[in-house]
Amino acid sequence: MIRSTIFAKHGFRQNNPLKFTALATQTKRKKKKKQSWGQRHSLGLLIGAIAIFVAVCSAIGFVFIPYSAKDGKSEWIYIPKGISTNAVKDSMKHSLGSSMGTRVYIIWKLFGGNSDVSQGAYKVSGGQSALNISKRIARGRQTPVDVRFNGTRTIKQLSERIASQLQCTPDEFQRACDEVLPDSGFSRPNFPAAFIPDSYEFYWSASPANVVRRLLDYRNRFWSKERRSKAASLGLTPSQVATIASIVEEETAKADEKPKVARLYLNRLKKGIKLQADPTVKFATGDFTLRRITGKHLAIESPYNTYKVNGLPPGPIRIPAAATIDAVLNAPKHDYIYMCAKEDFSGYHNFASDYATHMANARRYQAELNRRGIR
C-alpha cells in the first residue's frame with residue numbers, strides 16, 4: 001500500500017518501471033554533494049607544491065651553501081683592469097673550483113656584474129656564501145692586500161717587489177717614482193731614502209702614483225720633529241741619515257751591533273776620514289753576491305766607492321729599516337774608527353781606535369778567509 005501511494009502521488013502507475021528508475025536517479029543526484037575545484041585538482045596541487053618546495057630548496061642551496069676552502073686556506077680572486085666577462089668567469093672557477101666559481105659568476109651577473117667596476121682582488125674564506133662573495137665583487141668591495149719590501153737594495157728591486165704584490169708593472173712603478181719624488185726634493189740616487197720598509201695595506205688595483213705618495217707620506221710622518229732634530233744635531237739631513245743606515249745594515253745583521261757600527265761611521269765623517277766601507281764598493285760593482293772585496297774592486301771608479309771618494313755616497317745603498325735609522329740617530333759615543341769582521345764568522349766585528357790594532361784584526365780575518373778558500 002505504501003509503495004502504491006508513492007506512485008500515485010507522483011502520477012505513476014505501478015506498471016511503469018522506466019519512470020520509476022529515472023525518478024530514483026534524480027533523487028540520488030540531489031542527495032550527492034557537489035565537489036569543489038580544489039577537491040577535483042588536489043593531486044595536481046600536491047605535485048605542484050612539492051615542485052615549488054624542491055625549487056626553493058635548490059635556489060637556497062645555490063645561493064647560500066657556503067664555500068668550502070681547500071685545506072682551510074683562503075683563496076683570492078683577481079680581476080685585472082680590462083678583463084673580459086668570460087675571463088672573470090674563468091678567474092672565479094680557477095680560484096673557487098668549477099661548481100662554486102660558476103655559482104658566484106651567475107649571481108655576480110644577476111647583480112649587474114661589470115668587470116670595470118669589479119677590478120681588484122677579493123679574498124674568499126671558508127664559510128662565505130656565493131651570494132656574499134658575488135655581492136662584494138659586483139660592488140667592487142676589494143680586500144686590501146699586504147705589501148712588504150724588506151731587504152730591498154735598489155729602486156729597480158723595489159719596483160719588482162711592489163709589482164709582484166699589486167696590479168702595476170715594475171716600469172709603471174718606476175715611472176711613478178720619477179713623477180712624484182722629485183717634487184719632494186729627492187734626486188734619483190736618493191729615491192731609496194723616500195721609503196721605509198714595513199707592512200702596508202693597499203688595494204690591489206691602486207695606481208702606482210698613489211702607492212708612491214702613500215709610502216712617501218708614511219716616511220714623512222716617521223721623520224718626526226724629534227728625529228729631524230737629532231739628525232740636525234749630527235749635521236745630517238734625513239736622507240743622509242738613511243744613507244749611513246743603509247751602510248750599517250749591509251755591514252752587520254746583528255741588531256745589538258748596529259748602533260756601534262753607526263757611531264764608527266759618524267766618527268769617520270766627523271774626522272774627515274774616508275768611510276772605506278766595503279758594502280759601498282759591492283754596490284758600485286752591482287754584484288751583491290761578492291763575499292770578498294779585493295784590490296780590483298777597490299780600484300773601481302764610482303761615486304759609491306768610499307775607498308776613493310770622501311764623505312757619503314750619493315744616496316742609500318739599500319732601503320734601510322726604521323730601527324736602523326734610529327740606531328744611527330741614537331748611536332752611543334765611542335772612539336772607534338776601524339772595524340773588521342771577526343774571524344769566527346759569527347757575524348760580529350772587531351773594533352779598533354788605532355790602525356795597528358785594526359791591522360792585527362784584519363790579518364786574522366784574512367787568514368781565515370784563505371783557510372776556508374773564500375775568494
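The largest nonpolar core of this predicted model has 55 residues. Phe-173, Leu-181, Phe-195 and Tyr-265 have the most contacts inside it. Such a core is a set of buried Ala, Val, Leu, Ile, Met, Phe, Trp, Tyr and Cys residues joined through side-chain atoms within 4.5 Å. Buried means under 20% relative accessible area (1.4 Å probe, protein chains only). Elements that each supply at least two residues include strand S3 (145-148), helix H10 (170-180), helix H13 (238-251) and helix H17 (322-329). Helices (H or I, at least four residues) and strands (E, at least two) are DSSP runs, numbered from the N terminus.

Take Leu-181. Leaving aside residues up to four places away in sequence, Leu-181 touches Phe-186, Phe-191, Ala-194, Phe-195, Val-212 and Leu-216. Contact means heavy atoms within 4.5 Å. A second, separate core has 17 residues, among them Val-88, Tyr-105, Tyr-122 and Ala-138.

Now look at two helices. The axes of H13 and H17, lines fitted to C-alpha atoms over the stretch in contact, come within 9 Å and cross at roughly 110°. H13 is therefore roughly perpendicular to H17, a term for angles of 65 to 115 degrees. H13 brings Val-241, Ile-244, Ala-245, Val-248 and Glu-249 to the contact, and H17 brings Thr-324, Ile-325, Val-328 and Leu-329.

The average pLDDT (the predictor's confidence in each residue, from 0 to 100) is 87, and 82% of the residues score at least 70. Residues 1-13 stay under 50.

Residues are numbered from 1 along each chain as its sequence is written, and side-chain values use heavy atoms, without hydrogens and water. In this predicted model, local features need pLDDT of at least 70 and side-chain atom pairs count only at pLDDT 80 or more, while totals for chains, interfaces and linings use all residues.

How values were computed
Buried means under 20% relative accessible area, exposed over 50%, partly exposed in between (1.4 Å probe, protein chains only). Axes are lines fitted to C-alpha atoms, for helices over the stretch in contact, and angles run from 0 to 180 degrees between N-to-C directions. Angles under 35 degrees count as roughly parallel, over 145 as roughly antiparallel, 65 to 115 as roughly perpendicular and the rest as oblique.
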